[in-house]
Amino acid sequence: MTTPATTQVGGPLDQGPPAEPRIGSRNRTGDKIFSGTATAAGITILVTLAGIAAFLLYEGFPALVAAPEDVPGGEGFWPYVQPLLFGTVLAAVIALIIAAPLSIGIALFISHYAPRKIAAPLGYLVDLLAAVPSVVYGLWGIFFLAPQLVPVFQWLENTLGFLPFFEGPTSATGRTMLTAGIVLAVMILPIMSGVNREVFLQTPRLQEEAALALGATRSEMIRMTVLPFARSGMVSGAMLGLGRALGETLAVALVLSPAAVISFNLIGSTNSSTIAANIALNFPESSGLAVNTLIATGLVLFTLTFVVNFIARAVVARRKDFSGANA
Amino acid sequence: MAKRIDVKDLDIYYGSFRAVEGVTMSIEPRSITALIGPSGCGKSTFLRSLNRMHEVIPGARVSGSVILDGQDLYGAGVDPVSVRRHVGMVFQRPNPFPTMSIYENVVAGMRLNGRGTRKAAMDEVVEGALQGANLWNEVKDRLDRPGSSLSGGQQQRLCIARAIAVKPDVLLMDEPCSALDPISTLAIEDLMDQLKKDYTIVIVTHNMQQAARVSDRTGFFNIAGTGQPGKLIEMDETSTMFSTPSNQATEDYISGRFG
Ligand SMILES: Nc1ncnc2c1ncn2[C@@H]1O[C@H](COP(=O)(O)OP(=O)(O)OP(=O)(O)O)[C@@H](O)[C@H]1O
Ligand SMILES: [Mg+2]
């Protein structure tokens, strides 16, 4: 999500009065076509984003200024969106906490540990999983995962019940916030593993050899060269995953039976829904201001995604001097 | 603790391609051995087989033996990682770790395998290694800057500092000066002269004068043609090699008649 501030088409040579083209000609047609296309593509993205933002603002605005009693729930927009925002962030964070280390492990295994004969098919398999539609994950979550998790949740309540997350009482169906988070984690795992694997594979060979020649073991070599080099790529992968988790509709809508609560209890039967799932569940029956309200929640989600992205970019930029890209 | 190396009947392969064939040579401790020869004759390949770096390339393998003070580096049960801790290496292209500061680059080897050291001791090693690599004066005020912020020549000297910071028994250098200006080159050559009191040094170089200036013994590699394996043609005292080589090909190469 980088914004090309100004795209210099011809470089500094284009400035100043046109001189006689004595030393070669500046008419590089291919160059112009290429930079023109690239600029056009960049502008298209910006225009699209601006269009979406404008639409959300325009359609959502009535809900933002409406009298509290007119908004669904009867308490105004902010009380309406808060539990949803909370649920969205909570589910996505659970998913990311589970998926981030797993995806790094899977990617490292494929890129640096598995014998080449196994690595390639395994890579394809992971890529394939990324293409499975989310409804499949949702159904898997309801019918397979949730019942399996009930004893696990019970165990969590018994042993870790002093933590607010595992307070209980345990849901009898297993359809809880933690289940939703796990389903989301499984869902974003392939894309994150795929991105991580690609960036791990791009570590310059010379860097890896420098570490090995110093007497590094494979894991030391990975810590010295592969992981630092892949930092910004891993953040990008996590952002892709987080984006998918934040916006995921079906899997969450299928798994959770929502309530308008803010609760850190991850294994109970009352769970806050997420913005996306809430829109999907309520949009068909809504009309009038209720529609505006849903669109306004969409605006909140849009803003949230932006904020998360900016934070991630800032994290990456903080040690830019030390990034592998300078090698 | 310099150690001697005895190479016996070494064949080196990339997959099914035999890049180097039948090398037998002795590398004396506390001396500098130069390897010369035309491009593609397998000097780098041979050098990398001396610290088992060759085998990190998929499909690459070696047959024969490399004996470091009585121990076969390719013997059963020998861990390549510990071989590399004893036989250090400087590469043809400078490769400091870009994500580490200059200071961290120098101590990178010391920090491996939990061999953490006190800060004061590390400071001392950093200064010593950087001074040894003739880089201290240029970087002493910016040790916390990234290694990649240095010029190419400075980066190469940083790599030398990094390699000598762990005090290896043997130091392998693959054209270490090819990215350096004449002054830095001379500094590195002086450095090698100092280092040879304590280390066994093997250097690959394309620069005949450099080989003649710094080395005690010189080995000449050659290939019969593309696709053929490289072979060690002749090896002798450097003075003999450059004045009265016994092989015609050596004489031709040294006097610049080909290659
Ligand atoms: N990674 C590799 N995979 C396959 N073949 C290789 C590889 N690296 C080198 N070779 C081949 O091995 C032979 C020896 O190469 P090597 O790099 O050792 O030559 P060199 O003597 O160091 O040459 P130069 O003086 O140009 O550095 C060459 O034929 C080369 O093509
Ligand atoms: Mg070479």
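Visitor: What lies 2.4 Å from an oxygen atom of ligand 1?
Guide: A polar side-chain atom of B:S39. This is a predicted model: local features need pLDDT of at least 70, side-chain atom pairs count only at pLDDT 80 or more, and totals for chains, interfaces and linings use all residues. Side-chain values use heavy atoms, with hydrogens and water left out.

Visitor: Which atom of B:K43 lies 2.8 Å from a ligand 1 oxygen atom?
Guide: A polar side-chain atom. B:G42 uses a backbone N or O atom instead, 3.0 Å from an oxygen atom of ligand 1. Polar contacts here are pairs of N or O atoms within 3.5 Å.

Visitor: How many residues surround ligand 1?
Guide: 14, with B:S39, B:K43, B:S44, B:T45 and B:H206 the closest. To be near, a residue needs a heavy atom within 4 Å.

Visitor: Which element gives the most to that shell?
Guide: α1(B), with 3 residues.

Visitor: New topic. How many residues of strand β8 in chain B are buried?
Guide: 5 of its 5, residues 200-204. Buried means under 20% relative accessible area (1.4 Å probe, protein chains only). B:T200, B:V202 and B:V204 sit on one side, B:I201 and B:I203 on the other.

Visitor: Which strands does β8(B) pair with?
Guide: β3 (residues 32-36) of chain B, parallel, over 4 bridges. Also β7 (residues 170-174) of chain B, parallel, over 5 bridges. Pairing takes at least two DSSP bridges.

Visitor: What does the chain cross through from β7(B) to β8(B)?
Guide: Helix α7 (residues 182-195) of chain B, in a right-handed β-α-β crossover. Right-handed means the path runs clockwise from the first strand over the helix to the second, with the strands pointing away from the viewer.

Methods:
Residues are numbered from 1 along each chain as its sequence is written. Chains are lettered from A and ligands numbered from 1 in the order in which they are written. A polar contact is a pair of N or O atoms within 3.5 Å; within protein, one must be able to donate a hydrogen and the other to accept it, and residues adjacent in sequence count only if both atoms are side-chain atoms. Helices (H or I, at least four residues) and strands (E, at least two) are DSSP runs, numbered from the N terminus. Buried means under 20% relative accessible area, exposed over 50%, partly exposed in between (1.4 Å probe, protein chains only).
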